[in-house]
Amino acid sequence: QVQLEESGGGLVQAGESLRLSCAASGIGLSIDSMGWYRQAPGKQRELVAVITRERNTNFADSVKGRFTISRDSAKNTVTLQMNSLKPEDTAVYYCNVHTRNIFGRAFDYWGQGSQVTVSS
């Protein structure tokens, strides 16, 4: 059974920090990348940050310089360190795991979502 266990969401004041973590288990396919998406009410889901097996990273322009992402491949965990949080960062954050099989077919797994609220 596939499980993505998220932790670390919460309510903070502007300028403070939070750390989101996600641990994946039960995934038999090769993991190409792990990352985080977010969705605010009335808005589309957007990519926040992603890290590949080779540890290449990509960030949304709005979080560059404030957020960092890391992974532990042996443990299949990904961590998003969020610093200098702004009210605009308020959203539900979803852990994402991108997998592929030997034929190149892809499948995505999603966490349940973690609420991050930043007050001004």
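View 1. At 7% relative accessibility, serine 114 counts as buried, because buried means under 20% relative accessible area. The model shown here is predicted. Serine 114 belongs to strand β11, which covers residues 114-119. Which residues does serine 114 touch, leaving aside those up to four places away in sequence? They are Glu6, Gly9, Leu20, Ala91, Val92 and Tyr93.

**View 2. Four strands form an open sheet.** The strand order is β1-β3-β8-β7. Pairing in this sheet is antiparallel. Strands β1 (3-7) and β7 (67-72) stand at the edges. Each has a single partner strand, so one side of each is left without a neighbour in the sheet. On average, neighbouring strands of this sheet are turned by 15° against each other, direction ignored.

**View 3. Strand β1 pairs with strand β3.** The two strands run antiparallel. How many bridges join β1 to β3? There are five. Strand β3 spans residues 18-25. Glutamate 6 has its bridge partner in β3, and that partner is cysteine 22. Glu6 is also among the residues that serine 114 touches.

**View 4. Arginine 38 forms a salt bridge with glutamate 46.** Side chains of opposite charge can pair when their charged atoms come close. The closest N and O atoms of glutamate 46 and arginine 38 are 2.8 Å apart. Glutamate 46 counts as partly exposed, at 34% relative accessibility.

**View 5. Arginine 38 also meets aspartate 89 in a salt bridge.** The N to O distance is 3.0 Å. This pair links distant parts of the chain, 51 residues apart. Arginine 38 lies in strand β4 (residues 30-39). Aspartate 89 lies in the loop between β8 (77-82) and β9 (91-100). Both arginine 38 and aspartate 89 are buried.

**View 6. Four residues are linked in a network of salt bridges**. Which residues make up the network? They are Arg38, Glu46, Arg66 and Asp89. A search of the whole structure finds five salt bridges.

**View 7. Aspartate 61 and lysine 64 meet in a salt bridge**. Their side chains come to 3.1 Å, N to O. Aspartate 61 counts as exposed, because its relative accessibility is 63% and the cut-off for exposed is over 50%.

Notes: Residues numbered from 1 in each chain as written. Predicted model: local features only at pLDDT ≥ 70, side-chain atom pairs only at ≥ 80, totals over all residues. Heavy atoms only, no water. Buried < 20%, exposed > 50% of the residue type's maximum accessible area, 1.4 Å probe, protein only. Contact = heavy atoms within 4.5 Å. Pairing = 2+ DSSP bridges. Axes fitted to C-alpha atoms, helices over the stretch in contact; angles between N-to-C directions.
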